[in-house]
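Please look through the sequence and the structure below before reading on, and keep both in view while following the report.

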Amino acid sequence: MIPETSYDIVVVGAGPAGSTAALYAAKKGASVLLLDKKREIGSPIQCAGFLPDASEVKALLPEADLPGALKNYPDSCVLQPIRTQRIIPPNCNAKEFAVKGAVLDRRRYDQYLAEQAAEAGAELMVKTRVTKIQGTTVETSGIFGKHTIRAKAIIGADGPNSLVAKSRGLIMKPEARETSVAIEYQVRNVDIDPDALEMYFGKDYVPGGYAWVFPEGKDRANVGIGIRSCMAEKGVSAKEYLHRFIKKHPVAGPKLKNAVIMNVIAGIIPVNGAPANTATADSLVVGDAAGHIIATNGGGIPPAMIAGKIAGETAAEFAAGKCDLEEYDRRWRAQFGQALETSVQARQIMDGIMKSDALMNAAFRFISPEQMKVMQCGKLPGPVKLGLQALSRGKK
């Protein structure tokens, strides 16, 4: 494919955020070029792939305008429907609550989203890397050659190490930047509950984070951990923690003892919210590039796609001379900014508690399953906040 020399909008990154942005920009009549550095959209996989049902997202983010693909998508994208979420603290006294959603085949889902954007009129170039951004001119290199492309607006959906964000100063100060290191395996031949997401806590297995077992079918699962390096044992890698969890955890170990590893996935997750600004006069960032992650659970698909819709529509309006691009920042914060900030506050309170399994067990004793569900989705009930703050000060 040979691109045009100019477009209204260039979107960098064809994950859920970027493809959603391209779709809604094209729907509003903008000319859109969607770029992705991968050879194949959705591969390699970027996350464990749980997507809450739209009813769950809407109940907890009532101001959010949900994109269509959060509500409806092909059955072929679903690996396993989910009905239960189970939380296992260090003492293994599990609590659970009902949750409706699905573990997705991210490759198929991401490709579905990119196809939707293309059908709406966006042009797509895979295996194409952005090498330089100067003003609103983008230089690319890849399988289709080298090109220089002008745009009225650039949307950066290019992940936590976003080139767009760096080129525009839309990043957190180094002292405020917090990330979690994630490593996960797609495994087979495991004895798991196929209807339940399981999340495990404990400083010996997952310092500053949690481990998970997400079913991908009857005897298949995504097993992984997300840890904070600053809270880990010196010299112990994320991979070593994951192997320790698989082999030695008293609950998960027996379920996973015969696991066969089919795929390895690794990455970083921003867990300290969004930077002060996510838009300039001619560029904006969305998804992981903008810190659109629920810090309490690392979930990023719903906020990325909600913000993607806002990004695409705002950029199209900007290209048509109807608004300033900075309006994007106000719009997404109005829809879910408070939930994002609250999730960071909850994560920060939990940091002190996670250093002690005794404190963690105490916290899980007084938090009800219903409150756990709310916390997982970026809210912090008042009584829970007070109780956690008391525990973090060492008061039982």
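This report describes a predicted model, taking a sheet, a pair of helices and a cavity in turn.

## The open sheet

In this model 8 strands form an open sheet with mixed pairing, and their order across the sheet is S3-S5-S4-S11-S12-S13-S10-S14. The edges are formed by strand S3 (50-52) and strand S14 (260-270), each of which pairs on one side only. On average, neighbouring strands of the sheet are turned by 30° against each other, if direction is ignored.

## Two crossing helices

Two packed helices are described by the angle between their axes and by the distance between those axes. For helix H9 (residues 327-353) and helix H12 (residues 382-392), the axes come within 8 Å and cross at roughly 35°, and the crossing is left-handed.

On the H9 side, the contact involves Gln345, Ile349, Met350 and Ile353, which meet Lys385, Leu388, Gln389, Leu391 and Ser392 in H12. The residues of this contact divide into 5 nonpolar, 3 polar and 1 charged.

## The cavity

The model has 1 cavity of 30 Å³ or more, and the largest cavity holds about 40 Å³ of space. The lining of the largest cavity consists of Ser19, Thr20, Leu23, Ala69, Leu113 and Gln116, which divide into 3 nonpolar, 3 polar and no charged residues.

Helix H1 (16-27) and helix H4 (106-119) each supply at least two residues of this lining, and the largest share, 3 residues, comes from H1.

Definitions and conventions
Residues are numbered from 1 along each chain as its sequence is written. This is a predicted model: local features need pLDDT of at least 70, side-chain atom pairs count only at pLDDT 80 or more; totals for chains, interfaces and linings use all residues. Side-chain values use heavy atoms; hydrogens and water are left out. Two strands pair if DSSP finds at least two bridges between them. Helices (H or I, at least four residues) and strands (E, at least two) are DSSP runs, numbered from the N terminus. Axes are lines fitted to C-alpha atoms, for helices over the stretch in contact, and angles run from 0 to 180 degrees between N-to-C directions. A crossing is left-handed if the near helix is turned anticlockwise from the far one by less than a right angle, and right-handed if clockwise. Contact means heavy atoms within 4.5 Å. Ala, Val, Leu, Ile, Met, Phe, Trp, Tyr, Cys and Pro count as nonpolar, Asp, Glu, Lys and Arg as charged, and the others, Gly among them, as polar. On a 1 Å grid over the protein atoms alone, a cavity is a set of points where a 1.4 Å probe fits but cannot get out, and a pocket is an open set with protein on both sides within 12 Å along at least five of seven lines; lining residues have an atom within 4 Å of a point. Grid points are joined across faces, edges and corners, and a volume is the space filled by probe spheres set on the points.
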